[in-house]
Amino acid sequence: MNFYIVSLLDAMAEQNISIFCNLNFVKSAVFFSDLQELSIRLKAVADYYFYFLKKLEVLPEEVLKEEYIGHYDNLYIKGHQPTVAQIMHKINQKRPFNNDVLPIHLRYTDHVNMHLVVGIARAEDSRNGYLHAIDLCLPKDLLRNVPANVLYIKDILDSYSTDAKLTVKDFVESKGYNYSHFQRDCKICLGDAFYSFRLKKNMMAAVGDIVFTDLSLKEVAFKNNFLDYANMYKAFDRHKLSLTSIPRLANL
């Protein structure tokens with residue numbers, strides 16, 4: 001696992017927790033002080049993503065997920081674990097945030113892990129509030145830098161489109177790169193073959209749309225570069241993933 005993959009996951013987490021906090025059911029739950037409802041929904045999404053990314057082998061088996069849930073009193077919750085201390089420091093920097101739910105997103109490292117943390121916090125007054133955070137613990141000894149000479153792969157991944165009516169080989173060679181070297185560099189940069197990783201990236205985007213929008217599955221398929229719904233279904237089924245098991249939050 002390299003830092004390019006970590007950066008993709010970190011950006012996805014930041015985007016998703018921001019969207020989560022702006023969903024209609026979140027506003028209703030805050031109004032009625034139903035914080036348990038928020039935690040149930042957040043946990044369902046976090047658990048699904050963790051399972052999904054493990055099935056795609058984007059997350060290695062050694063990666064662990066920890067959760068911190070509860071009411072806090074100023075800087076105290078569950079005995080000042082390092083992750084909670086990091087979160088509380090960020091919360092206190094953000095005050096005041098009225099009576100809304102604050103999205104939590106941070107990244108830090110200790111001597112063993114890199115931590116990608118997302119969650120929600122709601123202040124009750126200047127000292128007290130509620131916190132639910134998910135900490136993705138990535139062992140540092142699994143993480144690798146991406147060599148500078150293969151970073152062009154990211155640009156190819158972002159710019160290549162099937163609408164261009166060019167094969168990947170033709171597209172890569174039109175940019176002046178050797179295709180055999182490109183295939184080798186994909187393994188280094190992406191940890192996977194180009195088509196395989198591109199499909200996984202499309203699947204990750206599709207899951208985000210299924211969870212956070214009211215688009216139909218057919219619309220999600222077309223939006224995320226699948227030929228049709230059946231093609232998207234087959235992509236998920238190949239990894240033994242069911243589209244119907246993905247939480248849908250937009251219409252709650």
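Guide: Contact means heavy atoms within 4.5 Å. This is a predicted model, where local features need pLDDT of at least 70, side-chain atom pairs count only at pLDDT 80 or more, and totals for chains, interfaces and linings use all residues. Residues are numbered from 1 along each chain as its sequence is written, and side-chain values use heavy atoms, with hydrogens and water left out.

Visitor: What share of contacts joins residues at least 24 apart?

Guide: Take contacts in the protein chain between residues at least 6 apart in sequence. Of these, 64% join residues at least 24 apart.

Visitor: What makes a stretch a helix or a strand?

Guide: Both are DSSP runs, numbered from the N terminus: H or I for helices, at least four residues, and E for strands, at least two. The protein chain has 10 helices and 4 strands. Their order from the N terminus is α-α-α-β-α-β-β-β-α-α-α-α-α-α.

Visitor: Why is the protein chain called as compact as a globular protein of that length?

Guide: The radius of gyration is taken over C-alpha atoms, and the globule rule is 2.2 Å times the number of residues to the power 0.38. For 252 residues the rule gives 18 Å, and the protein chain has 20 Å. That is close, so the protein chain is as compact as a globular protein of that length.

Visitor: Why does Ile19 count as partly exposed?

Guide: Buried means under 20% relative accessible area, exposed over 50%, and partly exposed in between (1.4 Å probe, protein chains only). Ile19, in helix α1, has 31% relative accessibility, so Ile19 counts as partly exposed.

Visitor: How do you know that Glu57 counts as exposed?

Guide: Its relative accessibility is 67%. The cut-off is over 50%, so Glu57 counts as exposed. Glu57 lies in the loop between α3 (35-55) and β1 (64-73). Its phi is near 65°, a positive value in a residue other than glycine.

Visitor: What makes Lys240 exposed?

Guide: Lys240 has a relative accessible area of 64%. Lys240 lies in the segment after α10 (229-238), and its phi is near 60°.

Visitor: Which residues of helix α5 are buried?

Guide: In α5 (residues 152-159), they are Tyr152, Ile153, Ile156 and Leu157. They cover an arc of only 145° around the axis, so they sit on the same side of α5. The arc is that of the directions from the helix axis to the C-beta atoms. On the other side, Asp155 and Asp158 are exposed.

Visitor: What covers the buried residues of α5?

Guide: The cover includes α1 (3-21), α6 (168-174), α7 (179-190) and α8 (194-212).
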